[in-house]
Amino acid sequence: MKLKEKIISRKANIGVVGLGYVGLPLAVEFARAGFQVTGFEQNPKRKAMINRGENYITDVLDSDIKEFVSAKKLKAVTDFSLLKRLDAICICVPTPLDKNKQPDISYVKSVTQRLARFIRKEQLIVLESTTYPGTTEEIILPQLNASGLEVGKDFFLAFSPERIDPGNKMFKTKDVPKVVGGVTSKCTEMAQLLYSQILTKIFTVSSPRVAEMEKLLENIFRSVNIALVNELAILCKKMNIDIWEVIEAAKTKPYGFMPFYPGPGLGGHCIPLDPFYLAWKAKEFNLTTRFIELAGEINDRMPEYVVQLVQGALNQKGKSLKGAKILVLGVAYKKDLDDWRESPSLKVMEILDKMSADVSYNDPHVSRVKAGNKFYPSSVLSGKSIKQYDCCVIATAHSVYDYNLIAKNAKLIIDTRNALKDVVGKYLVKVIRI
Ligand SMILES: NC(=O)c1ccc[n+]([C@@H]2O[C@H](COP(=O)([O-])OP(=O)(O)OC[C@H]3O[C@@H](n4cnc5c(N)ncnc54)[C@H](O)[C@@H]3O)[C@@H](O)[C@H]2O)c1
């Protein structure tokens, strides 16, 4: 049976490489559509959990994993020779930055090397990891071509960025239109056909490069706008203007404005990192991407600014930061998630610790973190415990927090998310908003 018929009849065997925040929800959608899905996961704990029918990603339902694993629609493996048996393979491995803010595409390269060993006729390969324009055609294609097979005829290769917004209850993997760009038109057609089995809206573009670039445009757009509003927040504070009120007012314009909110900085595996993939690539063309660099610089400074607010507020009360007991509330980079990768809360904690404050944190979703070179357990949060701190810093506005309890018992609060907007006037506590 040809690949096309296998996809239409849902007899195609699907492989998802990397069962993380992106790969696992995708694997689940394919399994839900009736496909047999094999997940390649190098983390032995994650692999074992899947095979026991257990979930570890907030956006995925525990019952889905249980159901699809017991129905033998989903399994996790590490043996890459099994790739031979698969018809379509989606690559969802990490694309971090190294310590010099240069792209680290070693994960993509290592998966490609293995794929190149096992590729056969009538296979479709799609890269979903966010990366710089050119990765699919300059890194993956040459290695697969070395097999002697011809792209667009024997096998198909495309890039299709993942646009998942972890924690978003309205838009899940299947609800977000998917952009697809193949190396040839036949590759685009095949990838479009695959995704149309699990999603309703597919937008095709003329090449992988366009698809790679559009994903970066989305993330750079966010990074730049967040930096803009962070810069204005600092200015507004000096001018004694409430930035949150300004944004509420601007938001009433029905066109040409989209609200972004200030905060303690950027976090997660995407927005703080992805723009630098393009900044790096631009150098090959003797160009500097000034917006990207500037936005990165402003957003990177926000944790320090938060600490300045803490220090200033303590000073006003005649206290020094040194030795002050500070509780950081929320270390996940985003509300209601358990993901603390690149979280600005960790930087806030690290700076506070370096300045000799006595730092603790609470996060109902994260039981233990490493900030700087120290490990911290999540502290108990109760009216009694809050009273012991000289200052509470709301860094992530989780919905489960009882903001009345916090405002009622805290001595001083730095609110970086305007989380107390509905309770602030009710209590005597001094609240400083970003
Ligand atoms: N997290 C998001 O919100 C998000 C959204 C859109 C796009 N992306 C992009 O998707 C990609 C994946 O991100 P993520 O958040 O899912 O990362 P993740 O760390 O949650 O998941 C990646 C998984 O890949 C596994 N892995 C790494 N190397 C492997 C290998 N050689 N073989 C098999 N498994 C391997 C890891 O163990 C991990 O479980 C990145 O490029 C990211 O930028 C992420």
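Modeller: One definition before we start: a residue is called buried if 20 or more other C-beta atoms lie within 10 Å of its own. Also, this is a predicted model.

Biologist: Fine. Is N230 buried or exposed, and why?

Modeller: N230 is buried, because 25 other C-beta atoms lie within 10 Å, and the cut-off is 20 or more.

Biologist: Which helix is N230 in?

Modeller: N230 belongs to helix α8, which covers residues 208-239.

Biologist: And which residues does N230 touch, leaving out those up to four places away in sequence?

Modeller: With those left out, N230 touches P262, I298, N299 and M302. Helix α11 takes in residues 290-316.

Biologist: What happens at M302 in α11?

Modeller: There is a kink of about 35° at M302, shortly before the proline P303.

Biologist: How far does α11 reach, then?

Modeller: From the first C-alpha of α11 to the last is 38 Å, over 27 residues. That is close to the 39 Å expected at 1.5 Å a residue.

Biologist: What follows α11?

Modeller: G318 follows α11, with a positive phi near 80°.

Biologist: Back to N230. How far is its C-alpha atom from that of Q197?

Modeller: The C-alpha atoms of N230 and Q197 are separated by 41 Å, and the two residues are 33 apart along the chain.

Biologist: New topic, the sheet. What is the strand order?

Modeller: The order is β3-β2-β1-β4-β5-β6-β7-β8, in an open sheet of eight strands with mixed pairing. At the edges are β3 (74-77) and β8 (202-205), each pairing on one side only. On average, neighbouring strands of this sheet are turned by 25° against each other, direction ignored.

Biologist: How do β1 and β2 run, and how many bridges join them?

Modeller: Strands β1 (residues 13-17) and β2 (residues 36-40) run parallel, joined by five bridges. V16 stands opposite G39 in β2.

Biologist: Which strands do helices α3 and α6 sit on?

Modeller: Helix α3 (residues 44-51) packs on the sheet and touches β2 and β3, with its direction at about 155° to that of β3. Helix α6 (residues 135-145) lies across β5 (123-127) and β6 (155-159), and runs at about 160° to β6.

Biologist: Last one. Which residues does the UniProt annotation "transmembrane region" cover?

Modeller: According to the unreviewed UniProt entry, that annotation covers residues 12-35.

Biologist: What is the chain like over residues 12-35?

Modeller: In the model, residues 12-35 are 42% helix and 21% strand. The end C-alpha atoms of that stretch are 7 Å apart.

Technical notes: Residues numbered from 1 in each chain as written. Predicted model: local features only at pLDDT ≥ 70, side-chain atom pairs only at ≥ 80, totals over all residues. Pairing = 2+ DSSP bridges. Helix = DSSP H or I, 4+ residues; strand = E, 2+ residues; numbered from the N terminus. Axes fitted to C-alpha atoms, helices over the stretch in contact; angles between N-to-C directions. Contact = placed C-beta atoms within 7 Å. Expected span 1.5 Å × (residues − 1). Bend = angle between axes of the 7 residues up to and from the residue. UniProt positions renumbered as here; feature names shortened; annotations may be inferred. Buried ≥ 20, exposed ≤ 12 C-beta atoms within 10 Å, placed from the backbone.
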